[in-house]
Amino acid sequence: MANVTSTAAPERLQLLRVLGPAHVWALGVGIVLVGEYMGWNFSVGKGGMIAGLVACWVAGLLYTCVAMIDSEVTSTVAAAGGQYAQAKHIVGPLMAFNVGLFLVMAYTMLEAANAITVGFLLDTVAGMLGHSGLNQKPFIILAVMFLAWLNYRGVLATLTFNLVITAIAFVSIIVLFLSVQFGGSAVPLDFSAITSDPLPYGWVGIVAALHFGLWYYLGIEGTCQAAEEVRSPARSLPYGTMAGIMTLLIAATLTWYVCSGLVPWEYLGQAGTPLFDAARVTGSTGLMMLLFVGTTFATLASANGCINDASRAWFSMGRDRYLPSWFGAVHPTYRTPYRSIVFLVPIALIFALGAPLDQVVTFSILSGLLGYTFMTFNMVMFRKKWPLDTIKRGYVHPFHPIPALLLLILCATAYVAVFLGYGTQLIAMMCFYIIASLWFHFWRYRFVKRGDQFTMPWPRPNGY
Amino acid sequence: MAYKPPTQSLTGQIFDVFVLLVLTVGALYIPLYMGLAGAAKTPQPIANPTWEALGQNATEQQQWAALGITDPAAANDIITARFDYSFSWIALIVMAVFVIGYFVMVVRLSDREYREVIEERFGPKR
């Protein structure tokens, strides 16, 4: 178990170990379930209905690989920061700095996307009630500020809150599906576009759709961000992550089915709140209210988890001096990384208040995608530097290296998918990470204590 | 002999945070703000649109109505908007070079740093 206090400052405050497998599930699914409530439907816009479904399942395969790989490494490197701590021990400080940034950017952009959705949803409902033209900005700011405050106050309350609202959001999808199946909709399901216009962009649309197909599951790897706050990480993290991916595969397929049947694909492909729109089409006030609550809870749960995860990654980098050490402080009363939580609020607000949803989502997806690419060679290096008989692992994933190779192929396909339609953003994001990497290596790294970057009680890695 | 990093002043810490903020906003937000990045999806509206001409059957028309759009002209842009997926192979290769080059650079520079970490933690290589 990582004990960061052992090498530098024994009296330093540590994060509290209070979380169980259900909290891990809630953290993972809570962040991700919003992907069923918004964003995934842009995959239908990029390729049509069939492409949207194929993207849903191919992305599910990609995330199964991610969950398998992540469970092994995280159950062994159980330290706050998740993949960041893994990169530090397995690849090196610069990679860790980049992985930390991937996590922070992916979660902060997701948080911004959630806030945009809250504002959009309230505007839609206000319009339905005859008050169109609602100013969304105060609600966006309020949502981000409230959740940041909740995170500031403590992780247990935060994730218990997440557990409850995530469960309600998940049940809402199930209720909508069952209601529609058993005649609860005034307008019937219609899948005629599958035969009349099956692939509006041809086969290239299927590849392009994978871009937003990732949104169904993006963030599930966040389960390991709270590794230092989990009571039994070797058991809870793999269990919570695997249960989370299964939950999401079911929810994603149900979501595609209901939305594609109730909403014309051209509308669905650009909708801000697809599940709520599907509920509107049913004509049932009860379902509309339920999906309004579900969308609100899913976005709040996700934003809440994002603040939790992004701040842990930022905190970890501050503690290791990859960023100014001021960020590495723990609140004396609440035992939370309070400075990191507060610092990331304005960054989320800049994008939530000033950028379109699909582009904020794309930034989040791109950072996630870079992180998944890292996982492929990280896994291979982990097994090479410490073969199975050299250190005890909490979980050993089967069929190595097939999941890593498959993940690499799917990541490469996903880059092409983003390139189709959003190539400029891809280049902008790569420029950001290249400049940040050079800044770290040639400037910031001088403040880093070399020996402190390896805290696990492992033997010397093979080849070093 | 363990490496002793210099102590960074408060001003230096603030400057470093400022650099990261400028980098984030400059590289990611400014291109969006200036309209240089984003989706290449453009509407190709048809003249005198009807639901039939827009390819919408009776059930889909009910769905549009439930979503608050009863006039086909209002749905014209949404239904006819399409991405342009034509691309040059050179642009695709440039993208691949960016992504692969980035990872190669990061892994190589990381390895250099990692060797220092391992040497300090475990001692010189035997």
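How many helices and strands make up the secondary structure of chain B? The secondary structure of chain B consists of four helices and two strands. The model is predicted: local features need pLDDT of at least 70, side-chain atom pairs count only at pLDDT 80 or more, and totals for chains, interfaces and linings use all residues. Residues are numbered from 1 along each chain as its sequence is written, while chains are lettered from A and ligands numbered from 1 in the order in which they are written.

**View 1. The elements of chain B in sequence order.** Chain B reads α-β-α-α-β-α along the sequence. Helices (H or I, at least four residues) and strands (E, at least two) are DSSP runs, numbered from the N terminus.

**View 2. The domains and dimensions of chain B.** Chain B is divided into domain 1 (13-39), domain 2 (43-86) and domain 3 (87-126). These bounds come from an automatic or database domain assignment. Taken over C-alpha atoms, the centres of domain 2 and domain 3 of chain B are 49 Å apart. The C-alpha trace of chain B spans about 80 × 40 × 25 Å along its principal axes. Chain B has a radius of gyration of 27 Å, whereas a compact globule of 126 residues would have one near 14 Å. That radius is taken over C-alpha atoms, and the globule rule is 2.2 Å times the number of residues to the power 0.38.

View 3. Of the 126 residues of chain B, 16% count as buried (20 or more other C-beta atoms within 10 Å of the residue's own, with C-beta atoms placed from the backbone). Two residues are in contact if their C-beta atoms, placed from the backbone, lie within 7 Å. Among contacts in chain B with a separation of 6 or more, 60% join residues 24 or more positions apart.

**View 4. The side of chain B that touches chain A.** Here 61 residues of chain B are in contact with 72 residues of chain A. Helices H1 (10-33), H2 (58-66), H3 (72-80) and H4 (89-122) of chain B each give two or more residues to this side. H4(B) gives the most, with 22 residues. By class, this side of chain B has 40 nonpolar, 11 polar and 10 charged residues. Ala, Val, Leu, Ile, Met, Phe, Trp, Tyr, Cys and Pro count as nonpolar, Asp, Glu, Lys and Arg as charged, and the others, Gly among them, as polar.

**View 5. The surroundings of A:Tyr372.** A:Tyr372 lies in helix H16 (residues 357-385) of chain A. A:Tyr372 counts as buried because 24 other C-beta atoms lie within 10 Å. Not counting residues up to four places away in sequence, A:Tyr372 touches A:Val66, A:Leu407 and A:Cys411. A:Asp70 is 302 residues from A:Tyr372 along the chain, yet their C-alpha atoms are separated by 9.6 Å.

Technical notes: Buried ≥ 20, exposed ≤ 12 C-beta atoms within 10 Å, placed from the backbone.
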